[in-house]
Amino acid sequence: MNIDSSIKQRLSDAHQSHLLDYWSELNEDQRRKLLDDINEIDFDRVIKAYHGIKQELIADQTIPNNEILDEDDEKRESVEDIMEPVPDAITGSISQTSDEQLKIYHRKDNLQAISEGLVCVLLLAGGQGTRLGVDYPKGMYDVGLPSRKTLYQIQAERIRRLQQLANEEFQTTKSVVPWFIMTSEHTQEETEIYLRSNNYFGLKPENVILFEQHTLPALDFQGKILLAEKYKLTKAADGNGGLYRALKTRGILLEMEKRQIKYIHVYCVDNILVRLGDPIFIGFCIEKNANCAAKVVKKSFPNEAVGVICKVRDRYQVVEYSEISDRTAQKKKSENTDELLFNAGNICNHCFTLDFLQDVCQSHDDELRYHIAKKKIPSIDKNGQRVSKPKEINGMKLEKFVFDVFPFSKAFAVWEVRREDEFSPLKNGTGTKDTPETCRRDLMLQHIRYLKQAGALLQEVNENSCEISPLVSYAGENLDFVKGQQLSFPIIIELNAETQKAEINTNKHCS
């Protein structure tokens, strides 16, 4: 098999001729696979992505000036010098909003929008559970609840309950919250099989729409594409900010338009406390007439490793914790308070209007910058040997972030929620933070609070043995039947499939 001269020219123009270095060693099948990989690559996109991050590589001395593909000496201005806190005028807080106003957000705006089919949820589910020690999609992970429900099942059942709430409020049976799920090449097939084999956990299959994000090759620090094998390029998902390209190229925007969706709630798969299609959050956005909004939590401590939402030159963006000095992180709102000045911790939980997403995908996707993730990437080394477990960081994956569209919004809003009610991410398999144990504990503590608020009399509280099915209660409602009851742990409240009524089971085994 000969190589077409046009392919050689494409590679030369893109400074990627090394991809053919082992051509003579390959058999016919391997050569076809390599050419297929090469033909799938948008080299202009790769070059543009590298040019967008090379100054960052120079700044942190990963590469010297004379080892980049071309020169651009423009110096970046430190974001810390120009960042300001988000103004109060565009901020709301569940803790500082009256019950009456919360009810308006909940019923009048969002539940009505749901009953009219105007709201969907969009799950970012491209990640595998590598850090959890598993090789399947993170959404399939079981944190050890008594029910053994996975993240996917918990989320699907919250959607079902939300639809029921809208139906009950507006006396209809037609409320639908479509569930769009962005997967990656590593999670698409398994997620599809898992949901189908579990009958989509009671959701109608036509309202569960999976689509796959795109990939980019991994690069070395001089912008050269790494080879996973002598006949195969490395590929990695383009980050959760790859959402915008995928919405356009996979036909998802058209599908949303066809369904007459107006509001899209976007969230990450790993937050066990996430409130999908949260009526209060989306109701707040509707009242504020926001086309782009973010949920935030207060930082636990000044140097917490979480990005903060700030105002930078009349636009809004997430400033990473690594870009903020200790001095800035410690700043207080005033001398008379301990509240931090930069305190809007980003939790990757957003609301967009369809009009805004259409504008971003059509006009601004190419403006989103790439972020660098330096990695130890299995690849072919300079000696032609495959190194499956590199000892040193040898390359980088380039990612876009979903929140990098904030600067394009002229109607931005921020909604602050309580961390204990809405944010407990699953990141690590072991340790003290963001583990299956902490997620399970945080969910059960929330359910204990729900029971106490509903008037239950709890005996010898056990924070590791209480679970309320999402089919019974979305956010603490529908629990009047426990008022005045003395309950002992373990407490499991489930929905009887036949009677469609909640049942209390205090004898079920708890992990």
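Two rings of Phe, Tyr or Trp (for Trp, its six-membered ring) count as a pair if their centres lie within 6.5 Å; planes under 30 degrees apart are called stacked, over 60 edge-to-face, and the rest tilted. A search of the whole structure with this rule finds 11 aromatic pairs.

Before we look at some of them, a word on the model. It is a predicted one, in which local features need pLDDT of at least 70 and side-chain atom pairs count only at pLDDT 80 or more, while totals for chains, interfaces and linings use all residues. Residues are numbered from 1 along each chain as its sequence is written, and side-chain values use heavy atoms, with hydrogens and water left out.

## Aromatic pairs

A pair of aromatic rings is described by the distance of the centres and the angle of the planes. Here are two of the pairs in those terms.

| Pair | Centre to centre | Angle between planes | Kind |
|---|---|---|---|
| Tyr152 and Tyr194 | 6.0 Å | 40° | tilted |
| Phe401 and Phe403 | 5.3 Å | 55° | tilted |

Tyr152 lies in helix α5 (residues 151–170) and Tyr194 in helix α6 (residues 188–197), so their pair ties together parts that are 42 residues apart in sequence. Both Tyr152 and Tyr194 are buried, where buried means under 20% relative accessible area, exposed over 50%, and partly exposed in between (1.4 Å probe, protein chains only).

Phe403 is buried as well, with a relative accessible area of 9%. Ring pairs link Phe401 and Phe403 with Tyr316, Phe406 and Phe412 into a cluster.

The protein chain is divided into domain 1 (8–61 + 78–434) and domain 2 (435–510), with bounds that come from an automatic or database domain assignment. Taken over C-alpha atoms, the centres of the two domains are separated by 31 Å. Their contact (heavy atoms within 4.5 Å) takes 35 residues from domain 1 and 26 residues from domain 2.

The size of an interface is often given as the accessible area lost when the parts come together. Domain 1 and domain 2 bury about 2,400 Å² between them, 60% of it on carbon and sulfur atoms; this is the accessible area (1.4 Å probe) that the two parts lose on being put together, summed over both. Pro146, Arg161 and Arg275 supply 26% of the area that domain 1 buries against domain 2, more than any other three residues.

How many salt bridges are there between domain 1 and domain 2? The count is 2, a salt bridge being a side-chain nitrogen of Lys or Arg within 4 Å of a carboxyl oxygen of Asp or Glu. Arg161 also forms a salt bridge with Glu477, in which the closest N and O atoms are 2.9 Å apart.

On the side of domain 1 that touches domain 2, α5 and α12 each supply at least two residues. The largest share of that side, 8 residues, comes from α5.

Asp421 lies in helix α12 (residues 419–422) and is buried, with a relative accessible area of 14%. Leaving aside residues up to four places away in sequence, Asp421 touches Leu273, Arg275, Gln446 and Arg449.

## An enclosed helix

Helix α9 (residues 279–288) has 7 of its 10 residues buried, so it is largely enclosed by the rest of the structure. Among the buried residues are Pro279, Phe281 and Cys285. At the start of α9, a side-chain oxygen of Asp278 reaches to within 3.1 Å of the backbone nitrogen of Ile280. After α9 comes Asn289, whose phi is positive, near 60°.

## Two loop residues

Gly484 sits in the loop between β21 (466–468) and β22 (486–488) and is partly exposed, with a relative accessible area of 48%. Gly484 and Leu457 are 27 residues apart in sequence and 6.1 Å apart in space, C-alpha to C-alpha.

How values were computed:
Helix = DSSP H or I, 4+ residues; strand = E, 2+ residues; numbered from the N terminus. Polar contact = N/O pair within 3.5 Å; in protein donor to acceptor, adjacent residues only side chain to side chain.
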